[in-house]
Amino acid sequence: MIIQFSVQNFLSFKEEVTINLASTSYTELKNHRFKTGLKQPKHLLKGAAIYGGNASGKTNLIKAIKFMQDLVVRGTYGKQKIWVEPFLLSKQSRSEPSRFDINLLVNGDIYNYGFVVNKNQVLEEWLFKIKGTKEYRVYERITNEEGEAVVEHDQLTRDEESKELIRLVSKTTRPNQLFINEAFEKNIKSIEPVMNWFSETLEIISAQSTYKKLTARATEEDEFINFISDFVNKVDTGIKKVKTDSVKIDIDSELSDFPVDAIEDIKEKLEAEDRGVIIGSETSQKILLKDEGQYKKITLKMIHHSDDSENIVEFDFYQESEGTQRLMHLLPILVDLHSKDKVVLIDELDRRMHPKLTNTFLKSFYDIANEFERGQLVFTTHDTNLLNTDTLRRDEIWFFTKQENGESKLKSLAEYDVRKDKKIDKGYLQGRYQGLPFIKE
């Protein structure tokens, strides 16, 4: 779970911007927080909603955490530049490094991880483990003037053989590479909880994201397709049921629009992959596979009732509304939360969806997170229908504002000391909490 995330000198963030998901003492919606079992913070929020005008910084906050995830998990190659973008509207900031810092709760322990980078190298990097009021250094790394990573460590290992391995890893860590990435490759156990959080627990969904495995999982997992069927039927999309359809095909005819090289590549993969190959766009996903010498195509079908209510009509995925498609690409989040801990960041949760549909999705997330005591959802939105204390806690609501110099500032509704019975949506649209676009006459 995210306790706190800070970023400085990145995209529209000149000065440090921080979002804190430790809960306040507010009494509304207690099921929107969970106990940590720690003295501090005692409770963490299960969600956060981020508001603000266009170009105010909402998406950039998601991009900042995505940048951190990519650099930790994927790393860099050879002499590749680090794809960091400082605040460009200040001459001083353009030449200064960017800073990223996150506090996490992982398996009952608090970790503080962060780094300072420019386009050429990692200048600083650190990992601390916090127990109670004490902070233990796992490691600290700097890049010296010779371009070598210098790592000081206390908690990485104790035996001499492993210490020698760490010294070797330090020497082989490139200036443009994070030590945590290199240490993970060398199987150094102490950094695994944080590394696994970035690679397995954290999921980031952009406004244009689609779920690439939608058809595949609907084909293979009964629980997956049943959940999606029940949900889209319940929210009045007109869909009565979701199913998959398998038909035999002539592979050459099916791939006739593909370049020759691509056709041969797909055929080779079909020979090697028992589970098939996913092709097509996000609105017409299909799986091709070879089964006992016969090529087959699997597609997703939506079942509707005709106007006489007796006959059924099958729709392809692309024939559904964009709002329904967006919803179905988001529903795997709710399915996965039944079986695993997930921290999900969604840019524009309400994109293409009716406010009641957005509200239903959000309520379903909290219901599942409350049932299994896991899961965290941070999202950006323009949907003011969510701005009430029946839907969100006051400390779950955040506002971005754009300053005259172009930089973004972030502030929690909790900082305004708003009463529980206040109409938050009305106050927001009146500009009381800022976060609105300034429109000139």
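Thr143 is found in strand S9, which covers residues 134-143, where strands (E, at least two residues) and helices (H or I, at least four residues) are DSSP runs numbered from the N terminus. The structure is a predicted model, in which local features need pLDDT of at least 70 and side-chain atom pairs count only at pLDDT 80 or more, while totals for chains, interfaces and linings use all residues. Residues are numbered from 1 along each chain as its sequence is written, and side-chain values use heavy atoms, with hydrogens and water left out.

Is Thr143 buried or exposed? Thr143 counts as buried because its relative accessibility is 10%, and the term buried means under 20% relative accessible area, exposed means over 50%, and partly exposed lies in between (1.4 Å probe, protein chains only). The side chain of Thr143 reaches the backbone oxygen of Val122 at 2.4 Å. Leaving out residues up to four places away in sequence, Thr143 touches Gln121, Val122, Leu123, Glu148 and Pro175, where contact means heavy atoms within 4.5 Å.

Apart from neighbours within four places in sequence, Asn103 is in contact with Met1, Ile2, Ile3, Gln4, Tyr111 and Asn112.

The backbone also deserves attention in some loops. In the loop between S3 and strand S4 (43-45) lies Pro41, and the peptide bond that leads from Gln40 to Pro41 is cis, with omega near -10°. Asn187, in the loop between helix H4 (179-185) and H5, has a positive phi of about 65° although it is not a glycine, and Asn187 counts as partly exposed because its relative accessible area is 47%. Glu348, which is placed in the loop between strand S17 (343-346) and helix H11 (355-372), is likewise not a glycine and has a positive phi of about 60°; Glu348 counts as partly exposed because its relative accessibility is 27%.

The pockets come next. On a 1 Å grid over the protein atoms alone, a pocket is an open set of points with protein on both sides within 12 Å along at least five of seven lines, and lining residues have an atom within 4 Å of a point. Grid points are joined across faces, edges and corners, and a volume is the space filled by probe spheres (1.4 Å probe) set on the points.

| Pocket | Volume | Lining |
|---|---|---|
| Largest pocket | about 380 Å³ | 18 residues |
| Second largest pocket | about 280 Å³ | 15 residues |

In the largest pocket, Glu203, Ile204, Ile205, Thr210 and Tyr211 lie nearest the centre, and the elements that give two or more residues to its lining are helix H1 (58-73), strand S11 (202-205) and helix H10 (322-337). H10 gives the most to this lining, with 5 residues. The lining of the largest pocket divides into 6 nonpolar, 4 polar and 8 charged residues, where Ala, Val, Leu, Ile, Met, Phe, Trp, Tyr, Cys and Pro count as nonpolar, Asp, Glu, Lys and Arg as charged, and the others, Gly among them, as polar.

In the second largest pocket, Met1, Leu105, Val106, Asn107 and Asp341 lie nearest the centre, and strand S3 (33-35), strand S6 (98-106) and helix H5 (192-201) are the elements that give two or more residues to its lining. H5 gives the most here, with 4 residues, and by class the lining of the second largest pocket has 6 nonpolar, 5 polar and 4 charged residues.

Key: A polar contact is a pair of N or O atoms within 3.5 Å; within protein, one must be able to donate a hydrogen and the other to accept it, and residues adjacent in sequence count only if both atoms are side-chain atoms.
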